[in-house]
Amino acid sequence: MEDLEDLFENAPCGYASALPNGRISKVNHTLATWLDYPAGQIVGRRFLDLLNIAGKVYYETHFAPLLRMQGFFYEVALDLVRADGTTLPVLVNAVVRKDATGGVRFIRITIFNASDRRRYEHEMLEARRIAEAATVALRDLNLNLEARVADRARALERAWRLSPDLLAIADAQGTLLAVNGAWTDLLGWQASDLVGQSLAGFTHPDDLEPTRTALSCITTEPLIEPSEYRLRHADGSFRRFAWTGAFEEGQIYVTGRHTTVEHEQAAALARAEEALRQSQKLEAVGQLTGGVAHDFNNLLTIIRSSVDFLRRPDLPEDRRVRYMDAVSDTVDRAAKLTGQLLAFARRQVLKPTVFNVGDRLRGVADMLDTVTGARIHVVSEIPDEPCFVMADVSQFETALVNMAVNARDAMNGAGTLTLRLDNAGNLPAIRGHSAAPGRFACVSLTDTGSGIAPDQVSRIFEPFFTTKEVGKGTGLGLSQVFGFAKQSGGDVEVESEPGRGTTFTLYLPMIDGEASELPATTRDSEGFPTGEGQCVLIVEDNLEVGRFATQILEDIGYRTTWAANAEEALEKLGADGAGFDVVFSDVVMPGMGGLALAKILQRRMPDLPVLLASGYSHVLAQDGQHDFELVHKPYSAHQLGRILGRMVPRRRT
Amino acid sequence: MSVVRRHNVKQGGTSGTAMVFAHGFGCDQNMWRFVAPAFEDRYRTILFDHIGAGGSDLAAYDVERYATLDGYADDVVELCRGLSVTGGVFVGHSVSAMIGVLAAKKAPELFASLVLVCPSPRYLDDDGYVGGFTRPQVEELLEFLDTNHMGWSQAMAPTIMGNADRPELSEELTNSFCRMDPDIAKRFARATFLADNRADLADVKARCLVIQSSEDVIAPQEVGAYVHRHLADSAFALLDATGHCPNLSAPAETIAAIAEFLREPSGG
């Protein structure tokens, strides 16, 4: 009995008995200890008095009714309240004990400490809550991610679709995997025409090799410098594209920018620039013309008056010689002048040649007198030692004339223009460009004119900038100077002091070497050559020149026959040219002209020498001399005699 | 689905005056198993389960509709009209006492008499009003409901394992009398314990009986007295029985009180 009592009191669970009215009649020691109440204080209370508020409500609404209806409840989770107000999680079982008549004797309540279990449950619920929250977060993240991926895909698709450049993805062999809509717009191909095809099949045959090279390099290094090649349009024509691209994960990604239009524009620009250069030259020629006409009139005046004197029968010998020399010198000067003009105006492909600046400068300086007029004194300070540069001679001369014209206008037609060559200079810093190493030829033109206002100095090289009245200048002159200097690897500097004058300095890089042009001068050192009665067929359409040539040749010992054109000449020569030793023909004539005649004769009568005469080198510059002897107009009797003497075989005596 | 099926309606008794029994929070119509039969000889007894309880149609549960007691009162009106109840007797236990008050207000023709067993128009104490619960106590109760720490220990496993959609696994084993969907029970508790229907008492035109238990932690005597005081026409019966469910713990005393009330002439 004592054993049972001990079991009741100290069992590892709480025991309580309640009367039919619900009041506790007995509790064991274990329960009293758990709740920290003396057992006596528990007896007499209702079981629900031991519960917290939630337990009371649950007990009254759920468990008490059950106990009434089914006589028991098992494993109900409740919190008991200890004496100190803390709670003890428990599991409660209850069963109604009845007597033989079915009346309630008592209610047996068994209570298990569920602290640990409740804690586990709490932790597991918390873990579940966290897992659910994580699941929700993950789902949201996935949805968000999907939306972002979709957004990004849409943006990429849009960029791909809207790009004005050709976009393509190809495999490492160059087979197209995907192309954008620009291929249809620019090349007329549909994607279905292209995908699966090799890019090479659409490439211009001439561009295949460079394309292959570019594509093979792309696998190791991105193609950043645009590689340009042509693709075939659906209509069979070719369009140019500048390609860039990269190789990633086994695929080639390329972008092709359409450049056909750019090329057309560049070509049009080049044509426009060429036309501009030509017009600049014409401008300079126009500037020259007035001066040249004036100069020529002066020269003609000398010749005319000399000839008038020479006609006087009583002219003393020493005066006759002086006038003769005057005429001869004047003709030389006139010839030189026209020669320079022709060289200057010559249409030639712009190409840099090596020339001696000093020589050219001297030549131009002589000519500048005619440009600037008599009241401007031209001074040249040109050293003797050669100074070679590589530049376009024609442009160089144009530049000098342009600067001289500018100086002339700045001086209002009167003053001093100094041409100076410094062949040991260097290129200083000009307009923000740093100084350049190396030796430069410095050609300066200094005038004593009005100078340039400081606010205009920076603008004078701009095309079409001019301070001159309408009709007096195009504004292209100094821009040509600037362009020429820059293109030649040099520069142009201007220093000006208003009221005192202006110095333009043209810098051109010097090179070591020899002039590529031939010496222009020939010496007349030999004695006066004479003929031995050989027969010359003169072909000349101009009556005066023809008459003059006839007289000269007869005077120096030739017999002559005169034909007025090439056709007539052929008639006179007959089948074998019998009776003629040489043909002396003008080049520019109505009809077939001298050159065609020479060619015919060269074929038919290879032993008959032909001498051509021309005052206008343009024709021969175009066609070449074809190995014919040539004498430039104006020629002297001395020149003509010397050349004929060399060409015509001596008569067998 | 018909109202009868939806609410698991069980009718008994004669074809006389309808006597509608409504259960409170925690149980189902079994709550009336010791009381209703006593009236079958004179009344048409109607027992039903609130949506979410017993054999009701759980699919009919609507969170918004049942967020307050109004939704339950609407159910009673609909159910009684469906069963052609007029001038009947409404017997409501606990929270259903107030559901009956609301239903009578909505459709006065339904009931001539209301029997309010352990009623409370407001569980929370208020200025000058004793409801029996302080605010922290109500909050503690609702928190326990939310955390599932109280009640059937077997219900914890499916809650933890996430198969709470099969509560029958645990419920069937332990309890064939007081079945209630755990989620709905939580919401019902919230609707019950946060309700304040004191103002509705004055609108009741029917005769009322307030049955008050001697010791009731959920509806103390002060509350029963308050209800009695604020009803226009009510009788008050204080039982010797203790606890919140005299209909189970003291059915005879409860039956006697109701029978006596119904025997009294109208207006007496």
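View 1. Chain A consists of 653 residues, 30% of which count as buried. Its secondary structure comprises 19 helices and 22 strands. When contacts between residues at least 6 apart in sequence are considered in chain A, 58% of them join residues at least 24 apart. For the complex, the predictor reports an ipTM of 0.89 and a pTM of 0.49.

**View 2. An open, antiparallel sheet in chain A.** Five strands of chain A make up this open sheet, in the order 7-6-10-9-8, with antiparallel pairing. Strand 7 (176-179) and strand 8 (223-232) of chain A stand at the edges; each has a single partner strand, so one side of each is left without a neighbour in the sheet. From one strand to the next, the twist averages 30 degrees. Strand 6 (residues 166-171) of chain A runs antiparallel to strand 7 of chain A and is joined to it by three bridges. Within this pairing, Ala168(A) has Val179(A), in strand 7 of chain A, as its bridge partner.

**View 3. A helix lying across the sheet of chain A.**

**View 4. The side of chain B that touches chain A.** At this interface, 32 residues of chain B are in contact with 29 residues of chain A. Two or more residues on the chain B side come from each of helix 4 (135-147), strand 6 (151-152), helix 5 (156-161) and helix 9 (246-249) of chain B. Helix 4 of chain B gives the largest share, four residues. By class, the chain B side has 15 nonpolar, 15 polar and two charged residues.

**View 5. Nonpolar cores.** The largest nonpolar core contains 115 residues, and those touching the most other members are Val20(B), Val91(B), Ile99(B), Leu114(B), Val115(B), Leu116(B) and Ile211(B). Helix 4 (residues 53-70) of chain A supplies the largest share of this core, 10 residues. Beyond its neighbours within four places in sequence, Ile211(B) has contacts that include Val115(B), Leu116(B), Val117(B), Cys118(B), Ala237(B) and Leu239(B). Pro246(B), Thr254(B) and Ala257(B) are also in contact with Ile211(B). A second, separate core has 42 residues, among them Leu361(A), Met367(A), Val389(A) and Ala391(A).

**View 6. The surroundings of Ser15(B).** Ser15(B) is located in the loop between strand 1 (10-13) and strand 2 (18-22) of chain B. This residue counts as exposed because it has 8 C-beta neighbours inside 10 Å, where the limit for an exposed residue is 12 or fewer. Although Ser15(B) and Arg44(B) are 29 residues apart along the chain, their C-alpha atoms are separated by 5.2 Å.

View 7. The pLDDT of chain A averages 82, and 86% of its residues score at least 70. Over residues 470-474 of chain A, pLDDT stays under 50, and the model has three contacts for this stretch beyond four places in sequence. Residues 517-526 of chain A also have a pLDDT below 50, with four contacts beyond near neighbours in sequence. Chain B averages a pLDDT of 88, and 87% of its residues score at least 70. Its residues 166-173 have a pLDDT below 50, yet this stretch has 12 contacts in the model beyond near neighbours in sequence. Where pLDDT is low, predicted coordinates should not be read in detail.

Conventions
Residues numbered from 1 in each chain as written. Chains lettered and ligands numbered in written order. Predicted model: local features only at pLDDT ≥ 70, side-chain atom pairs only at ≥ 80, totals over all residues. Buried ≥ 20, exposed ≤ 12 C-beta atoms within 10 Å, placed from the backbone. Contact = placed C-beta atoms within 7 Å. Nonpolar A, V, L, I, M, F, W, Y, C, P; charged D, E, K, R; others polar. pLDDT = per-residue confidence, 0-100. Pairing = 2+ DSSP bridges. Axes fitted to C-alpha atoms, helices over the stretch in contact; angles between N-to-C directions. Core = buried A, V, L, I, M, F, W, Y, C linked by C-beta atoms within 7 Å.
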